[in-house]
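Work through the exercises below with the coordinates open. Each task is followed by a solution in steps.

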Amino acid sequence: MESSIYEGNDGWWHGRVTMGVKDDGSYDRRHRRARTETEVKRKVRELEDLRDKGRAPKAGRKPTVEQWMTTYLTDIASLKLKPRSLDDYWSKTRNDIIPGIGKHRLDKLQPEHLERMYRVMLDEGHAPSHVLKVHRILSRALKIAHRRRLIVENVATLVDPPTVDETEANPFTTEEAKAFLEAAARRPTFMRWCVGVGMGFRQGETLGLRWPYVDFGNELFRPEWQLQRLTWRHGCKDPHGCGAKFHRFEPCPPECTTHKGYKRGCPKPCLKDCVGHARACPDRKNGGLVFTRPKTKKSRNAVPIPPPFIPYLREHRAQQATARDAAGAAWQEHHLVFTRVDGRPLDPRQDWEEFKELLAEAEIDDRRLYDGSRHTAGTILNELGVDMPTIMEILRHTQISQTRRYVQGRSHLSKDAMRRMGDTFMPQAEPPATETTDNRAARARRRRRVR
């Protein structure tokens, strides 16, 4: 296990370090070289130190960042992540990580490379939250590479990502919630918004709610499934060739008319080995509107139904049975609580658009769908005096700190609380005493008080 250092005929100093034995039984000898003997000795000592600590990287040529990210997302992350999260990882890898640092070799990656990429992303107009998500994805991939001894250190831990200000919630007040539901009462989806606003269900959980998981006897909802729109995947053997006619490797001209109506502007050019455009694949799979399990086990806990909701739910089910009979063979049975006129699931995009329409009808300021449902339920429960652990159970959070971010304080409650605090510590002011008699004794008492 001794190392050897010598000067070669090429004018360089060379060091050979024995790291152990390879899988085939041969010795694993690593090579280092430098212009001076002192420098090569330093490199040899560093490699020996890594060997003795059991942190030496594996032998062989290290992959590039692009190659490792592809391997990580295809073979490692896909076994653990939910489909929606995996799509998001792929999107940020293709659009940000690979164009930014994809050509760097994994073991040659430096913190400066990451910092420069983040700076460019911010200058291009990306939000700090977007850059932070890219940093976390890259850090997780490098952590796995470090665990498998492909690199000596995870350089993402040496970089400070941009600071992100937490998005301030803007829930409905009690009056706004009532006005919103009054506007929704004129639509067939009235109960969908009652469940969202009154019970704090997520959009996917509400649209994916099924009648077999509605327990009228015990007055419980069991959100076992959620509805999500997933990205299509190729089912063919040649994804690159399958989407050949859709590939576009050159950016659009400044005055592009092809994508003029696109809300997000012109799409980015395809990568050299693009495997996208799976929507046009004849054997496409795992895309469109799909029923998936909620992200955590806690999210599947049963939630009590408010008793006043029960008659409206029964009436809603009777109206749905009438619509099923009217549709006849065109009805597509999914046992959903909230459906289209032919039994198909409600589209999440159309559901979001209806939410915006109801805001306008109720004359409420624009806000996020999450603010009008989940944040509203948590805030109003808090106003009603419900303690925080109970709100956590209703919203099905895993940590109470997460619940506190969903509960927005109200100014009138704060004023009332501080008024009661003042009454507790400060004595009440007594009304001034008045003299009802004007005799000699009373005048003497007044003179003594003045003195």
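Predicted model: local features only at pLDDT ≥ 70, side-chain atom pairs only at ≥ 80, totals over all residues.

Residues are numbered from 1 along each chain as its sequence is written, and side-chain values use heavy atoms, with hydrogens and water left out.

**Exercise 1. Overall form**

Compare the radius of gyration of the chain with that of a compact globule of 451 residues.

Step 1. The radius is taken over C-alpha atoms, and the globule rule is 2.2 Å times the number of residues to the power 0.38.

Step 2. For 451 residues a compact globule would be near 22 Å, but the chain has 33 Å.

Step 3. Along its principal axes, the C-alpha trace spans about 125 × 90 × 55 Å.

Step 4. The domain assignment (bounds from an automatic or database source) gives domain 1 (3-53), domain 2 (65-157) and domain 3 (174-222 + 299-376). The centres of domain 2 and domain 3, over C-alpha atoms, are 39 Å apart.

Step 5. Buried residues (under 20% relative accessible area; exposed is over 50%, partly exposed in between; 1.4 Å probe, protein chains only) make up 37% of the 451 residues.

Step 6. The chain exposes about 28,100 Å² (Shrake-Rupley method, 1.4 Å probe; for residues, only the protein chains shown count as cover), and carbon and sulfur atoms supply 50% of that area.

**Exercise 2. The nonpolar cores**

Step 1. A nonpolar core is a set of buried Ala, Val, Leu, Ile, Met, Phe, Trp, Tyr and Cys residues joined through side-chain atoms within 4.5 Å.

Step 2. The largest one has 35 residues, and Phe180, Val214 and Phe221 have the most contacts inside it.

Step 3. At least two residues of this core come from each of α6 (174-184), α7 (190-199), α10 (309-327), α11 (348-361) and α12 (369-383). Helices are DSSP runs (H or I, at least four residues) and strands likewise (E, at least two), numbered from the N terminus; the chain has 16 helices and eight strands.

Step 4. Valine 214 is in contact (heavy atoms within 4.5 Å) with Leu209, Leu220, Phe221, Ile305 and Val337, leaving aside neighbours within four places in sequence.

**Exercise 3. Two single residues**

Classify threonine 403 and glutamate 333 as buried, partly exposed or exposed.

Step 1. Threonine 403 is found in helix α14 (residues 400-406). With a relative accessible area of 0%, threonine 403 is buried.

Step 2. Beyond neighbours within four places in sequence, threonine 403 is in contact with Met388, Ile391, Met392 and His397.

Step 3. Glutamate 333 lies in the loop between α10 and α11. Its relative accessible area is 37%, so glutamate 333 is partly exposed.
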